[in-house]
Amino acid sequence: MTVSSTERIDRYRTRTVAGTPPIVRDDPTVWGEIGTPALADFDENGYAILEGLLDPYEVADVAGEIQRMTSDPDLVLDDRVIIERDSHRVRSIFDVHKLSQPIADLVRESRIAGLARQVLGSEVYLHQTRVNYMPGFTGTGFYWHSDFETWHAEDGMPTPRAVSLSIALTDNYPFNGSLMVMPGSHRTFVPCQGETPADHHRVSLRGQEIGIPSQAAITDLAEKHGIAQFTGRAGSALLFDSNLMHGSAGNITPFPRSNLFLVFNSVENTLLEPYAAPHPRPEYLASRDFTPLA
């Protein structure tokens with residue numbers, strides 16, 4: 001059943017004035033049946049690595065679409081394109097499934113959207129899509145965070161019944177800013193301190209300062225769970241829970257890194273008003289079109 005505004009209960013309170021202790025998650029990780037070893041691993045660790053999800057030809061097709069977008073002079077001025085603060089190079093492009101028909105077709109395939117349906121135990125829709133760039137020498141990282149903390153606080157997502165799929169469009173090495181994750185951290189929600197400013201997304205997408213855990217909280221999670229890294233050839237993918245603690249360092253190597261990032265939310269977990277922000281973020285960051293993917 002879809003959560004209505006009259007049933008609004010905030011079990012994941014965050015963005016408080018004073019610090020709040022971590023919250024043990026009581027929502028499932030896998031909402032459907034855990035019928036395979038892969039789903040059992042996902043349930044335990046909060047993520048699964050999928051080797052060769054796309055073949056080299058598909059990777060080339062998607063990369064070509066991304067190159068077309070970055071070369072479009074009209075799109076550079078679009079709010080959906082995020083520019084690095086220092087290097088002034090493209091950091092992210094949002095709404096890529098609306099900007100590219102081949103990508104729109106790809107995300108609906110059963111090997112992709114079907115993974116989300118398995119995990120979430122329901123029909124799904126796209127909460128957000130983007131491509132993240134980390135160019136050689138100048139690519140900046142993403143500080144430790146839980147996506148769900150932001151989606152809950154700023155988008156009004158009631159529960160962590162969402163899953164992300166990050167597909168490598170370039171080889172992800174241990175040394176070119178590949179994603180780091182804390183296995184098992186998805187079972188702990190870490191509230192963040194500080195009030196959300198108006199239009200926070202205009203700043204946070206270039207470098208987040210509100211909505212990040214304290215160093216003490218990160219240290220505690222790292223000591224309990226350790227840190228793993230997603231590496232692999234172009235076409236491999238990381239499927240991960242919305243509350244998994246993750247982040248990436250910068251890229252000072254000559255080898256660029258880029259990933260197609262797809263967020264699927266359950267149609268039974270549709271967005272309400274933000275829990276800790278003045279108003280909802282734009283549609284390209286948090287879709288309110290809850291139509292299930294066909």
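The following legends describe an overview and several close-up views of a predicted model.

**Figure 1. Overall architecture of the protein chain.** This is a predicted model, in which local features require pLDDT of at least 70 and side-chain atom pairs count only at pLDDT 80 or more, whereas totals for chains, interfaces and linings use all residues. Residues are numbered from 1 along each chain as its sequence is written, and side-chain values use heavy atoms, with hydrogens and water left out. The protein chain has 9 helices and 13 strands; helices (H or I, at least four residues) and strands (E, at least two) are DSSP runs numbered from the N terminus. Its radius of gyration is 18 Å, close to the 19 Å that the globule rule gives for 294 residues, so the chain is as compact as a globular protein of that length. The radius is taken over C-alpha atoms, and the globule rule is 2.2 Å times the number of residues to the power 0.38. Along the principal axes, the C-alpha trace spans about 45 × 45 × 40 Å. Buried residues account for 55% of the 294 residues, where buried means under 20% relative accessible area, exposed over 50% and partly exposed in between (1.4 Å probe, protein chains only). Of the contacts with a separation of 6 or more, 85% are between residues 24 or more positions apart; contact means heavy atoms within 4.5 Å.

**Figure 2. The aromatic pair of Tyr12 and Phe148.** The whole structure holds 9 aromatic pairs. Rings of Phe, Tyr and Trp (its six-membered ring) pair if their centres lie within 6.5 Å; planes under 30 degrees apart count as stacked, over 60 as edge-to-face and the rest as tilted. Tyr12 and Phe148 form an edge-to-face pair, with 5.3 Å centre to centre and 90 degrees between the planes. This pair links distant parts of the chain, 136 residues apart: Tyr12 is in the segment before β1 (23-24) and Phe148 in helix α7 (residues 147-155). Both Tyr12 and Phe148 are buried. Ring pairs join Tyr12, Phe148 and Phe189 into a cluster.

**Figure 3. Helix α7 and its end.** In α7, 9 of the 9 residues are buried, so the helix is largely enclosed by the rest of the structure. Among these buried residues are Trp151, His152 and Asp155. Just after α7, Gly156 takes a positive phi of about 85 degrees.

**Figure 4. Surroundings of Arg13 and Pro191.** Arg13 is found in the segment before β1 and is exposed, with a relative accessible area of 54%. Leaving aside neighbours within four places in sequence, Arg13 is in contact with Ile23, Phe189 and Pro191. Pro191 is found in the loop between β9 (188-189) and α8 (201-204) and counts as buried at 9% relative accessibility. Not counting residues up to four places away in sequence, Pro191 touches Arg13, Thr14, Thr20, Pro21, Pro22 and Ile23. The C-alpha atoms of Pro191 and Thr20 are 6.0 Å apart in space, although these residues are 171 residues apart in sequence.

**Figure 5. Two loop residues with positive phi.** Most residues other than glycine have a negative phi. Asp95, in the loop between β4 (90-94) and α4 (96-99), has a positive phi of about 65 degrees. Asp95 is buried, with a relative accessible area of 7%. Phe137, in the loop between β5 (124-134) and β6 (142-145), has a positive phi of about 75 degrees. Phe137 counts as exposed at 56% relative accessibility.
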